[in-house]
Amino acid sequence: MKQITLGIAGTAKNTGKTTTTRALLEHFQGLGVTLGLTSIGYDGESVDNVTGLPKPRLYLDRGQLVAVAERCLAVSSAGVKVLERTDLITPLGRVVCGRVVKEGLLVVAGPNQIAHLGQIRRWMAGQGAGLTLVDGALNRLAPMVETDGLILATGASRSTDLDRLALEAGSLGLICSLPGDGELPAGLPAADQSVVYDHGGRVLARLPASLFDPEGLNSLGPVIPGAAGLYCPGVVSGRCLERLGELPFPAGMIFSFADPVKILLSGDLIAARSFLEKICRKGGNVVCRRPLPLLAVTVNPFYPNYRFGTHDYKPAYVDGELLLSGIRAAVGVPVFDLAREGAGGLAGVIEKLIR
Amino acid sequence: MTPKKVLLAPIDPVHDVGLKLISRGIREAGHETVLLQPDLEPEEIIQEILSHRVDVVLLSRTLGYGVAEILARFVDLADAVGVRGRVRLGIGGMAIRPELAAELGFDAGFGPGTTVEEALAFVEGREYLPGRGKESKEKQDLTRGYSYAYRNSRIAGLLSVITDGILDWAANKTSPGVLRAQVREDLWDVDRWRNYEKMSEFLAEYPGLCGEVPQNFYLKGVMHPKTRRFTREEVEALEQYVRDTVERMSLPGLRHTLQKPVVFNQYGTGCPFLDTGHIKVSEAWGADGVIHFDPSWGARTEGFMDGFLTHQEDGTVITPANLNRIKMSLEPGTLWQVRAHRGLNTPETVVLAGKFKADLTKINICYGALGAGTDPARLTVDGVAAIRYAAKYGIPFDVVTNEELCGVPAYKAFAGMLITADLSLRLGAKPALQPLFCYSPEVMLEGYMRDNYVDFNVAKVLALRRIIDAPVWPGAPIGFMTQTEDRVQSSAATSYHASLAAMLGVDAITIASSDEAYSGGPITVPSKVDTLRAVAEGFRFFGHTSIEPSAQARAWSGEIESGIEGVLRRVADRGDFVQALYEGILGNLEDGAYPGRNGRDTVLEK
Amino acid sequence: MSGILRRIMDGMDIETFLVCSSEDEGRRLILQFMKEIGFTDVDIVFIQFQGPGVRVRARAYVHRPGDTYGWLKAGRTGEDAL
């Protein structure tokens, strides 16, 4: 059996991340798989931090592994034997790693950075976790690069415009499908700058590691004809992706990014998608040095309807059927509405990965 | 400590004053700060981080619709561009709590009321422990720095004569109260008691010295009709409640820039558990000390019972178990006073106060004898013993002039107070003087407060200070009889009296709740918060503002001083302090003072 | 008793201005109101008639000294939503 780490990421708050996490926990605990659980945010409390509406909580059997901030243990009913106190500090105290010795509900807040999640992931694997779940937070993505794959939770809380949701999910799916085995010419990769290079691997131009300002790309003019590839180790903004798509790079040009998250963080999925399509049409390639595949999508028709009169939130719903079918048509991976269908389908997708 | 480079960014459309204050504080601590303009995009802030090579970023933002996602994206960007490892991210704002900061992915969250010190700890990399803003409070010794030297030598001389007389008179006398105190002192050990050991020798001697109600308790297990015991579950629940509360307590100070006065309020709902609730609230709202208010039937009863006794009327019964429970719930820095100033149990109360390590007690022979119903001879014998125990245990006490409330003029009550005080000094104890700040019958009849409440109260303090260098602690509580049931009026009355006391530089004050004038039921805890807030506000308003006594105040203080001297001369001439009490020299029937009858004919020859 | 009411340490005051034509009427009205909203152990702490009506503070005792205190149990596991 393989050991894998899954990230459950959302496109916004209240998209059903924790519901998804909980469904997976229930299913796999029932199968006797040793699970690891952590979170890059804070979940498990009974009322939402921002909207004040009720939220689900996470139940763990004995034997499961957890990595949580210390203060979570005090308010959880599950009993955890601490095996290691890390040096990772969060607003809720130090992250401790341990094993559940008394079953119960757990409030989970954990490492909030890429490097820290990497450390926890390795600990989980070392302790024998078959499946480690990383519960997401809001729309945060960055640390998920330390997982083997993403389950995306989206829904009306992100937008009640179902077409837009589908387009976004589709774009995200496309970006996450980028191959993660991008090779670069020897001697090139440096973390502190972006480079344009030629067929011989010689550097033609240097740019900042992260590309925010499209004006900065104007300096590339003279080197474009001889370019073979561009490597950007940092994040790239939507406007820069647009500009890169417009510049007259030669056919066959390779654009390398560190991982799909760097592109997703452009903040403009439409621009990112459009960039990919443009490059493809021009005969070029977009690759990543590290993959982050999208494994499945869960949808949630719920959204908190903000009432201006009373300055609070009230539950509301979009058409679940339409939402589900729209997302299914847009992405190339399985899509589920857990509330309607149960966790079986999603669990099946994951089981295939583990075995 | 290497200086850090700190980037402060209001992501708010409006410049944040809080962030500016913190920025200045961080600069003054030697770090470099860069304050960005408001309303920048996350990407722009990231670029500033990259170009300035900062160590710490402090964002401030008010939460609103969609804001959480913007902040989350900022954190993501910081992580993805690779600076997250070397840059600490803090978020501050009105709705920020540690849980929210954790959800957003920040290293720390700063809510409203965050101090510069907290932000600085974060900047300097000292571990941030959310939710524990406990400043440690240290107990103040009210008597420190006072020489007790007399400034009026005639009064000093008279007091000396009177004290000699009292000690001679009391030398061969004892009482059931004194005997019980001795038994309690010698045969009852608090540690053994806490260990649930049976105090057999104590139980052999003690009940025989008690009155009927306590005797029935020890010999037959009969409870006082208005009391009940607590169940084991209730006790456990209370202990858990105290543990939980103590963990999240923070202890604000009331005094703003002042060093004095120490502020006391009273507890005594009748139930030690509810009292514990009241005490924790009082501590949390700034009370420096709390005073045990016991029911008046206790003063008429020979002896104490034991167990957690809750009692449905005003005042909480003194039993070792009740005292122990309350002691264990106090914050380490809270002063605790257990009063022994009236009734048939005065010396034993001081012994219990000593064994349970109370910080203060209260003793006044004259008030107890003239205004609280205890026989003068009995209370004199008991008072001397009580003072000796207070000296032995090193517990200071105040001497309060509550007989003013009966109608005894201040100068007579002060004469009695000084007698008790001088006796105390002779016996090696440490008294504090407690004049009343009140609208007394004397004041009403003489019109002393027709225009203002200030002059006469000032006069009292001036008079005492002209006589002796001793701590002054107005009570009890201050503003007595000036308060009505109107919550605002009542709180204001207390606050103004407290501010006056502060301007006079007194050492401590006892304050009422805003329920002071309400007699329809027990005092509720919100009313204690009311006056603590009001007093704090008065201290904030006036700060170190001082008061110059008016001509009228000075005139009255001179009259009080000579009045005191006159009374003391009469007492000294009478040659018998106890008879002086009976005969009304220190307060007579016309004044409204009555020699008490409880304990009459109970004084014994040794 | 409702879960949240349990957490009141001792008393709850309602402070308001009632329009009425005399102190007596104000007194009667506020006591009736307190009964209507479900309180039985009530008292008027303060009432003053002036102008259009009374400024009044009515008190409901939820826990008296010696009662079993609901707030000793509340809070640890968030039961009071029930």
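This report walks through some features of a predicted model with chains A and B.

## Chain A in outline

Let us start with chain A, whose secondary structure comes to ten helices and 20 strands. Of its 355 residues, 52% are buried. Sequence distance is worth a look too: among contacts in chain A between residues at least 6 apart in sequence, 76% join residues at least 24 apart.

## Where chain B touches chain A

The two chains meet through 31 residues of chain B, which are in contact with 37 residues of chain A. On the chain B side, the elements that give two or more residues are α2 (42-52), α3 (67-80), α4 (98-104) and β5 (108-110). The largest share, nine residues, comes from α3(B).

What kinds of residue make up this side of chain B? By class, there are 16 nonpolar, five polar and ten charged residues.

## Two nonpolar cores

The largest nonpolar core has 150 residues, and the members that touch the most others are A:Val68, A:Ile327 and B:Leu104. Setting aside neighbours within four places in sequence, A:Ile327 is in contact with A:Leu165, A:Ala166, A:Ala169, A:Val297, A:Val299 and A:Val335.

Another core, of 139 residues, lies apart from the largest one. Among its members are B:Val263, B:Val535, B:Ile560 and B:Ile585.

## A helix to follow: α23 of chain B

B:Ile560 also leads us to helix α23(B), where it is one of the buried residues. The helix runs over residues 551-574 of chain B, 24 residues in total. At 1.5 Å a residue, α23(B) should span 34 Å, and its end C-alpha atoms are 35 Å apart, which agrees.

The buried residues of α23(B) are B:Ala553, B:Trp556, B:Ser557, B:Ile560, B:Glu561, B:Ile564, B:Val567, B:Leu568 and B:Val571. What covers the buried residues of α23(B) includes α6 (153-170), α18 (410-426), α20 (454-467) and α24 (577-582) of chain B. Just after α23(B) comes B:Gly575, with a positive phi of about 75°.

## Backbone details in chain B

Some background first: most residues other than glycine have a negative phi, and most peptide bonds are trans. Where does chain B have a cis peptide bond? One runs from B:Lys260 to B:Pro261, with omega near 5°. B:Pro261 sits in the loop between α11 (232-248) and β8 (262-267) of chain B. Another cis bond joins B:Gly475 and B:Ala476, where omega is about -15°. B:Ala476 belongs to strand β16 (residues 475-480) of chain B.

Positive phi values turn up in two loops as well. B:Arg53 is not a glycine, yet its phi is positive, about 50°. This residue is placed in the loop between α2 and β3 (56-60) of chain B. Is B:Arg53 buried or exposed? With 11 other C-beta atoms within 10 Å, B:Arg53 is exposed, because 12 or fewer count as exposed.

B:Asp601 likewise has a positive phi, of about 60°, although it is not a glycine. Its place is the loop between α24 and β18 (604-605) of chain B. B:Asp601 has 9 other C-beta atoms within 10 Å, so it too is exposed.

Definitions and conventions. Residues numbered from 1 in each chain as written. Chains lettered and ligands numbered in written order. Predicted model: local features only at pLDDT ≥ 70, side-chain atom pairs only at ≥ 80, totals over all residues. Contact = placed C-beta atoms within 7 Å. Helix = DSSP H or I, 4+ residues; strand = E, 2+ residues; numbered from the N terminus. Nonpolar A, V, L, I, M, F, W, Y, C, P; charged D, E, K, R; others polar. Expected span 1.5 Å × (residues − 1). Buried ≥ 20, exposed ≤ 12 C-beta atoms within 10 Å, placed from the backbone. Core = buried A, V, L, I, M, F, W, Y, C linked by C-beta atoms within 7 Å.
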